[in-house]
Amino acid sequence: MTDKLIIGRYIPGNTIIHQLDSRMKMIFVLLFMVLIFFCNSWLSYCFMILSVLFIMYLSKIKLWFLIKGLTPVMILFIFTFVMHLIVTKGGPVLIDFKIFTVEQNGVVQGTFIVLRLVLLVMISTIMTLTTSPISLTDAIESMLRPLKKIKFPVHEMAMMMSISLRFIPTLMDELERIIKAQTSRGSDVTSGSIMNRFKAIIPLLIPMFISAFKRADDLAIAMEARGYNASNVRTTYRKLNWRMRDTLALSTIIIIAIVIYLLRN
(Lines give C-alpha, C1' and ligand atoms only; values in the text may rest on other atoms or scores of the structure.)
Protein backbone atom coordinates (compact mmCIF):
# COMPACT_ATOMS: atom_id res chain seq x y z
CA MET A 1 0.00 0.00 0.00
CA THR A 2 2.76 2.45 0.90
CA ASP A 3 4.53 2.01 -2.44
CA LYS A 4 1.40 3.31 -4.17
CA LEU A 5 1.47 6.66 -2.40
CA ILE A 6 2.64 9.22 -4.96
CA ILE A 7 1.63 12.44 -3.17
CA GLY A 8 4.81 14.42 -2.55
CA ARG A 9 6.88 12.59 -5.15
CA TYR A 10 8.52 14.35 -8.09
CA ILE A 11 9.02 12.85 -11.55
CA PRO A 12 11.62 14.79 -13.59
CA GLY A 13 10.55 15.59 -17.12
CA ASN A 14 10.72 18.08 -19.95
CA THR A 15 7.04 18.47 -20.76
CA ILE A 16 5.05 21.68 -21.12
CA ILE A 17 3.68 21.28 -17.59
CA HIS A 18 7.14 20.69 -16.13
CA GLN A 19 8.48 23.88 -17.76
CA LEU A 20 5.76 26.16 -16.40
CA ASP A 21 6.51 28.49 -13.52
CA SER A 22 5.85 26.87 -10.15
CA ARG A 23 3.95 29.96 -8.96
CA MET A 24 1.60 29.72 -11.92
CA LYS A 25 0.95 26.05 -11.20
CA MET A 26 0.15 26.75 -7.56
CA ILE A 27 -2.25 29.57 -8.45
CA PHE A 28 -3.86 27.46 -11.18
CA VAL A 29 -4.34 24.50 -8.83
CA LEU A 30 -5.86 26.69 -6.10
CA LEU A 31 -8.32 28.29 -8.56
CA PHE A 32 -9.09 24.91 -10.10
CA MET A 33 -9.92 23.53 -6.65
CA VAL A 34 -12.29 26.42 -6.05
CA LEU A 35 -14.04 25.75 -9.37
CA ILE A 36 -14.49 22.09 -8.44
CA PHE A 37 -16.77 23.15 -5.59
CA PHE A 38 -18.99 25.01 -8.06
CA CYS A 39 -19.76 21.85 -10.03
CA ASN A 40 -23.35 20.72 -9.50
CA SER A 41 -24.19 18.50 -12.49
CA TRP A 42 -22.93 15.46 -14.34
CA LEU A 43 -21.82 17.62 -17.29
CA SER A 44 -19.79 19.96 -15.10
CA TYR A 45 -18.02 17.07 -13.38
CA CYS A 46 -17.36 15.36 -16.71
CA PHE A 47 -15.86 18.59 -18.04
CA MET A 48 -13.55 18.89 -15.00
CA ILE A 49 -12.51 15.25 -15.37
CA LEU A 50 -11.67 15.85 -19.04
CA SER A 51 -9.68 18.94 -18.04
CA VAL A 52 -7.63 16.93 -15.54
CA LEU A 53 -7.06 14.18 -18.11
CA PHE A 54 -5.88 16.76 -20.64
CA ILE A 55 -3.41 18.25 -18.12
CA MET A 56 -2.26 14.74 -17.28
CA TYR A 57 -1.72 14.04 -21.00
CA LEU A 58 0.38 17.20 -21.39
CA SER A 59 2.50 16.21 -18.40
CA LYS A 60 2.92 12.67 -19.82
CA ILE A 61 1.74 11.03 -16.60
CA LYS A 62 0.12 7.68 -17.15
CA LEU A 63 -3.51 7.38 -16.07
CA TRP A 64 -2.99 4.03 -14.37
CA PHE A 65 -0.05 5.44 -12.39
CA LEU A 66 -2.23 8.30 -11.15
CA ILE A 67 -5.16 6.02 -10.32
CA LYS A 68 -2.83 3.73 -8.40
CA GLY A 69 -1.83 6.75 -6.33
CA LEU A 70 -5.46 7.10 -5.19
CA THR A 71 -5.42 3.64 -3.58
CA PRO A 72 -4.21 4.80 -0.12
CA VAL A 73 -7.18 7.21 0.17
CA MET A 74 -9.73 4.83 -1.33
CA ILE A 75 -11.09 4.05 2.15
CA LEU A 76 -11.95 7.74 2.57
CA PHE A 77 -13.82 7.74 -0.74
CA ILE A 78 -15.80 4.62 0.17
CA PHE A 79 -16.62 5.92 3.66
CA THR A 80 -17.82 9.25 2.24
CA PHE A 81 -20.01 7.56 -0.34
CA VAL A 82 -21.56 5.17 2.20
CA MET A 83 -22.29 8.00 4.65
CA HIS A 84 -24.15 9.91 1.92
CA LEU A 85 -26.15 6.80 1.08
CA ILE A 86 -27.27 6.58 4.70
CA VAL A 87 -27.70 10.25 5.61
CA THR A 88 -28.80 12.04 2.42
CA LYS A 89 -32.49 11.57 1.68
CA GLY A 90 -34.73 12.55 -1.19
CA GLY A 91 -36.03 11.12 -4.44
CA PRO A 92 -37.27 7.59 -5.15
CA VAL A 93 -36.28 4.81 -2.76
CA LEU A 94 -33.83 2.52 -4.55
CA ILE A 95 -33.08 -0.02 -1.79
CA ASP A 96 -34.91 -0.60 1.49
CA PHE A 97 -32.76 -2.21 4.20
CA LYS A 98 -35.49 -1.81 6.86
CA ILE A 99 -33.00 -0.03 9.16
CA PHE A 100 -32.29 2.63 6.53
CA THR A 101 -33.16 3.28 2.92
CA VAL A 102 -30.97 4.17 -0.04
CA GLU A 103 -32.58 6.97 -2.01
CA GLN A 104 -31.72 8.58 -5.31
CA ASN A 105 -30.42 11.84 -3.88
CA GLY A 106 -28.05 9.93 -1.60
CA VAL A 107 -26.52 8.10 -4.57
CA VAL A 108 -26.18 11.28 -6.64
CA GLN A 109 -24.75 13.44 -3.85
CA GLY A 110 -22.41 10.67 -2.72
CA THR A 111 -21.09 10.26 -6.26
CA PHE A 112 -20.62 14.02 -6.65
CA ILE A 113 -18.68 14.32 -3.38
CA VAL A 114 -16.44 11.35 -4.27
CA LEU A 115 -15.76 12.84 -7.72
CA ARG A 116 -14.93 16.13 -6.03
CA LEU A 117 -12.42 14.46 -3.71
CA VAL A 118 -10.89 12.49 -6.58
CA LEU A 119 -10.43 15.66 -8.64
CA LEU A 120 -8.86 17.50 -5.70
CA VAL A 121 -6.37 14.71 -5.09
CA MET A 122 -5.57 14.24 -8.79
CA ILE A 123 -4.91 17.91 -9.61
CA SER A 124 -2.76 18.42 -6.50
CA THR A 125 -0.85 15.20 -7.22
CA ILE A 126 -0.14 16.28 -10.80
CA MET A 127 1.33 19.51 -9.42
CA THR A 128 3.69 17.70 -7.04
CA LEU A 129 4.67 15.16 -9.69
CA THR A 130 5.68 17.89 -12.14
CA THR A 131 7.22 20.40 -9.70
CA SER A 132 10.37 19.82 -7.69
CA PRO A 133 10.26 20.46 -3.91
CA ILE A 134 12.81 23.27 -4.30
CA SER A 135 10.60 25.02 -6.87
CA LEU A 136 7.58 24.64 -4.59
CA THR A 137 9.54 26.20 -1.72
CA ASP A 138 10.61 29.14 -3.89
CA ALA A 139 7.04 29.60 -5.13
CA ILE A 140 5.53 29.58 -1.64
CA GLU A 141 8.13 32.03 -0.36
CA SER A 142 7.64 34.31 -3.35
CA MET A 143 3.84 34.34 -3.02
CA LEU A 144 3.94 34.95 0.74
CA ARG A 145 6.64 37.63 0.56
CA PRO A 146 4.22 40.55 1.19
CA LEU A 147 3.53 39.06 4.64
CA LYS A 148 7.09 39.92 5.67
CA LYS A 149 5.86 43.46 6.28
CA ILE A 150 3.90 42.18 9.29
CA LYS A 151 6.89 40.15 10.54
CA PHE A 152 5.45 36.84 9.33
CA PRO A 153 8.15 34.11 9.08
CA VAL A 154 7.70 33.52 5.35
CA HIS A 155 10.96 31.69 4.72
CA GLU A 156 10.53 29.42 7.73
CA MET A 157 6.96 28.57 6.70
CA ALA A 158 7.99 27.77 3.12
CA MET A 159 10.90 25.64 4.29
CA MET A 160 8.70 23.76 6.76
CA MET A 161 6.05 23.01 4.12
CA SER A 162 8.66 21.88 1.62
CA ILE A 163 10.38 19.56 4.09
CA SER A 164 7.04 18.12 5.19
CA LEU A 165 6.03 17.46 1.60
CA ARG A 166 9.41 15.93 0.80
CA PHE A 167 9.35 13.62 3.81
CA ILE A 168 5.97 12.04 2.95
CA PRO A 169 7.39 9.49 0.43
CA THR A 170 10.51 9.03 2.58
CA LEU A 171 8.49 8.08 5.65
CA MET A 172 6.23 5.84 3.56
CA ASP A 173 9.27 3.98 2.26
CA GLU A 174 10.50 3.66 5.84
CA LEU A 175 7.10 2.28 6.87
CA GLU A 176 7.29 -0.26 4.06
CA ARG A 177 10.67 -1.47 5.32
CA ILE A 178 9.35 -1.74 8.89
CA ILE A 179 6.34 -3.76 7.72
CA LYS A 180 8.61 -6.15 5.81
CA ALA A 181 10.86 -6.49 8.86
CA GLN A 182 7.86 -7.24 11.10
CA THR A 183 6.50 -9.71 8.55
CA SER A 184 9.82 -11.58 8.49
CA ARG A 185 9.45 -11.96 12.27
CA GLY A 186 6.00 -13.52 11.97
CA SER A 187 3.82 -10.40 12.30
CA ASP A 188 1.23 -9.85 9.56
CA VAL A 189 -0.70 -6.58 9.19
CA THR A 190 -2.36 -7.45 5.89
CA SER A 191 -4.62 -10.32 6.97
CA GLY A 192 -6.88 -11.33 9.83
CA SER A 193 -9.73 -9.52 11.52
CA ILE A 194 -9.88 -5.76 11.92
CA MET A 195 -8.97 -6.02 15.60
CA ASN A 196 -5.93 -8.19 14.82
CA ARG A 197 -4.79 -5.76 12.16
CA PHE A 198 -5.18 -2.88 14.59
CA LYS A 199 -3.10 -4.70 17.20
CA ALA A 200 -0.44 -5.47 14.58
CA ILE A 201 -0.22 -1.81 13.56
CA ILE A 202 0.60 -0.63 17.10
CA PRO A 203 4.15 -2.16 17.06
CA LEU A 204 4.78 -0.23 13.83
CA LEU A 205 4.11 3.15 15.41
CA ILE A 206 7.05 3.16 17.83
CA PRO A 207 9.80 2.50 15.21
CA MET A 208 8.06 4.92 12.83
CA PHE A 209 8.12 7.74 15.40
CA ILE A 210 11.73 6.93 16.32
CA SER A 211 12.74 6.98 12.65
CA ALA A 212 10.90 10.27 12.01
CA PHE A 213 12.50 12.00 15.01
CA LYS A 214 15.93 10.65 14.07
CA ARG A 215 15.62 11.94 10.53
CA ALA A 216 14.46 15.32 11.81
CA ASP A 217 17.40 15.47 14.24
CA ASP A 218 19.90 14.49 11.53
CA LEU A 219 18.47 17.16 9.22
CA ALA A 220 18.69 19.81 11.94
CA ILE A 221 22.31 18.89 12.72
CA ALA A 222 23.21 18.95 9.02
CA MET A 223 21.65 22.40 8.55
CA GLU A 224 23.42 23.77 11.63
CA ALA A 225 26.74 22.29 10.50
CA ARG A 226 26.40 24.15 7.21
CA GLY A 227 25.70 27.43 9.01
CA TYR A 228 22.06 27.66 8.04
CA ASN A 229 20.28 30.64 9.60
CA ALA A 230 16.75 31.47 8.49
CA SER A 231 17.00 35.07 9.70
CA ASN A 232 19.82 35.92 7.27
CA VAL A 233 19.12 37.52 3.92
CA ARG A 234 19.44 34.69 1.42
CA THR A 235 19.79 34.57 -2.34
CA THR A 236 18.55 31.79 -4.59
CA TYR A 237 20.48 29.91 -7.23
CA ARG A 238 17.35 29.22 -9.27
CA LYS A 239 15.45 32.34 -10.28
CA LEU A 240 11.72 32.12 -10.89
CA ASN A 241 10.91 33.52 -14.31
CA TRP A 242 7.30 34.26 -15.23
CA ARG A 243 6.93 34.08 -19.01
CA MET A 244 4.19 34.66 -21.53
CA ARG A 245 3.38 30.95 -21.65
CA ASP A 246 2.66 31.07 -17.92
CA THR A 247 0.20 33.92 -18.44
CA LEU A 248 -1.48 32.03 -21.28
CA ALA A 249 -1.66 28.84 -19.23
CA LEU A 250 -3.16 30.69 -16.26
CA SER A 251 -5.69 32.42 -18.51
CA THR A 252 -7.18 29.03 -19.37
CA ILE A 253 -8.69 28.98 -15.88
CA ILE A 254 -11.00 31.78 -17.10
CA ILE A 255 -12.25 29.55 -19.90
CA ILE A 256 -12.81 26.71 -17.42
CA ALA A 257 -14.70 29.08 -15.10
CA ILE A 258 -16.94 30.27 -17.96
CA VAL A 259 -17.76 26.71 -18.99
CA ILE A 260 -18.55 25.72 -15.39
CA TYR A 261 -20.82 28.77 -15.06
CA LEU A 262 -22.71 27.85 -18.23
CA LEU A 263 -23.05 24.22 -17.17
CA ARG A 264 -24.36 25.27 -13.75
CA ASN A 265 -27.13 27.27 -15.37
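**A guided reading of the predicted chain**

Residues 24 or more positions apart account for 72% of the contacts in the chain with a separation of 6 or more, a contact being a pair of heavy atoms within 4.5 Å. The model is predicted, with local features needing pLDDT of at least 70 and side-chain atom pairs counting only at pLDDT 80 or more, while totals for chains, interfaces and linings use all residues. Residues are numbered from 1 along each chain as its sequence is written, and side-chain values use heavy atoms, with hydrogens and water left out.

The chain holds 10 helices and 2 strands, which are DSSP runs numbered from the N terminus (H or I over at least four residues for helices, E over at least two for strands). Read from the N terminus, the order of these elements is α-α-α-α-α-β-β-α-α-α-α-α.

An unreviewed UniProt entry lists several spans as "transmembrane region", among them residues 107-129 and 247-263; such positions are given in the numbering used here, feature names are shortened, and annotations may be inferred rather than shown by experiment. Residues 107-129 are 100% helix and 0% strand, with their end C-alpha atoms 32 Å apart, and residues 247-263 are likewise 100% helix and 0% strand, with end C-alpha atoms 25 Å apart.

Of the 265 residues, 34% count as buried, where buried means under 20% relative accessible area, exposed over 50%, and partly exposed in between (1.4 Å probe, protein chains only).

A search of the whole structure finds 0 disulfides, a disulfide being a pair of cysteine sulfur atoms within 2.5 Å. The sulfur of C39 has its closest cysteine sulfur in C46, 9.9 Å away, and this is too far for a bond. C39 counts as buried at 3% relative accessibility, whereas C46, at 41%, counts as partly exposed.
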